[in-house]
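Thanks for coming. I will go through one structure today, beginning with a local detail and then turning to the sheet.

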Amino acid sequence: MRSAQALLGALPHPVQRTLERLGLPAADLAALSGPLGVTPKETIYTQGTLKLHHFRPQCDSVYRVPVLIVTSLVNQPYILDLVPGQSMVEFLLKRGFDVYMIEWGRPRKEHQNLCLEDHVLDRLPACVKQVLSHSGQKELSIIAYCIGGLLAVLWAALAGRRAPLKNLVCMAAPVNSDGLQSLKAWMGPNFDEEALLARHGNVPAEWVQNALRALRPLGKMAGALSLLNQADQTEVVRSHLRMGRWETDNIPFPGGVFRQMVRDFLRGNALVRGTWSLGGHTADLAAIEVPLLHLLAQDDHVTPYGSSRDLVLRAGSRDKQELIVKGGHVGLVAGRGAELRMWPALDAWLSLRSV
Amino acid sequence: MPSRDFNALSPVQIWRDWFVQCESQWSEALTQLLKDPRVGEPLNRQLSEVQFMHRQFAEFAQASLASFNLPSRSDLEVLDERMGRLEDGLAQVAAALSDLRRTLAARSPALAADEQAARPARTRRPAQKD
């Protein structure tokens, strides 16, 4: 430690200051990012690995219509609740929304046969029912992100007017696989998903992570160099560490869902073709008639515009809007950019429709 | 903390802007290349072969680690699954306790006050714009 201190003292001033701000050599890097997903909540319902959380209200009064957040199947939900001051959940609570969230959980080997029907026709409706029972209301709004958005759209498209749905907000939800050219190319007819599933059961989290990274091949390196570029800004370093922790914390893809996503969605593009049948019923985007807001990121490499624009084009809602904000797939929902751009837009739209 | 007195002509800012643009262009070029079936298909085959070799290595490593009485990846995966079941069990208990608290609050005025505090009135209105 003494030699490290002496070395620090001998370094040029900016480098020394940067290292001190990073807390090196004695700091715990994990401690720099802090605990994530800490907005107070209670678990009100479970089903297998699924947990339904209710966040403690932070206002003296709330909007009548509760909000259910549907997160992606392959990422941890705390991207929407990073740390105090950098949490979409906290933002909504402070704006007076009554917020619930689905945490799908990490599937294990015994869950490898879970399919889309289990999520869209069983688990999601069960959570909706629990939210309505817990809140005492007859309808709710859904805010859904990425694959969670696809699940919510499928549910709304299948249930139509029977769904107790007041508003639907999707964030970077893919609906048209023709816009997912990279994934279509990699998982085309020559991709043997059955071999992958036979070996692993569920698609391993590392596989999911590598597939997402391959969509932006130089992203990891660029992120590291960008961090070095801004190593003198403590909050940038902390934010980078938080996002880094989340980015490496993927969840395995349930085998049955993966099979259907590859065959029916990626290869068959069944949703926009109107041929996607779940539980004996065909999902029809035109059956979505509730107020709809689709938030998209300008530089989204995971859900490019070509894969998401059809939602608003084909939905049957009269009150529907698409809003494109600056940033990438993750920056749409988390980080300084989201705080300045997306969250206020979401609040402005949803608050008017939640009374 | 915002950058100190950086402006558009600052060399550091110019470097950062160029770097971001460059990475974006390179990434886009590589992505377009990977989309090409002439690149994607051989890459897919290579990845399958790498996966096979990885599997062979994992089996060999497991046998070696077992002989030294050390845990292998699959041992840790089994442990991870057990911990996952424990977590799910704990979450079930938490949900049951939450339900019990609500039920008791419905029957007991003393507990009802606490429950009410956690359930504000649903009377909020959006801010009026002038």
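Is A:C146 buried or exposed? A:C146 is buried, with a relative accessible area of 8%; buried means under 20% relative accessible area and exposed over 50%, with partly exposed in between (1.4 Å probe, protein chains only). A note on the source: this is a predicted model, where local features need pLDDT of at least 70, side-chain atom pairs count only at pLDDT 80 or more, and totals for chains, interfaces and linings use all residues. Residues are numbered from 1 along each chain as its sequence is written, chains are lettered from A and ligands numbered from 1 in the order in which they are written, and side-chain values use heavy atoms, leaving out hydrogens and water.

A:C146 is not a glycine, yet has a positive phi of about 60°. Its place is the loop between β5 (140-145) and α6 (147-159) of chain A; helices (H or I, at least four residues) and strands (E, at least two) are DSSP runs, numbered from the N terminus.

A:N269, also not a glycine, has a positive phi of about 45°. A:N269 is buried too, at 1% relative accessible area.

Now the sheet. Chain A has an open sheet of eight strands with mixed pairing, in the order β1-β2-β4-β3-β5-β6-β9-β10; two strands pair if DSSP finds at least two bridges between them. At the edges stand β1 (41-47) and β10 (320-325) of chain A, each with a single partner strand, so one side of each has no neighbour in the sheet.

Strand β3 (residues 67-70) of chain A pairs with β5(A) in the parallel sense over four bridges. There, A:L68 stands opposite A:I142 in β5(A).
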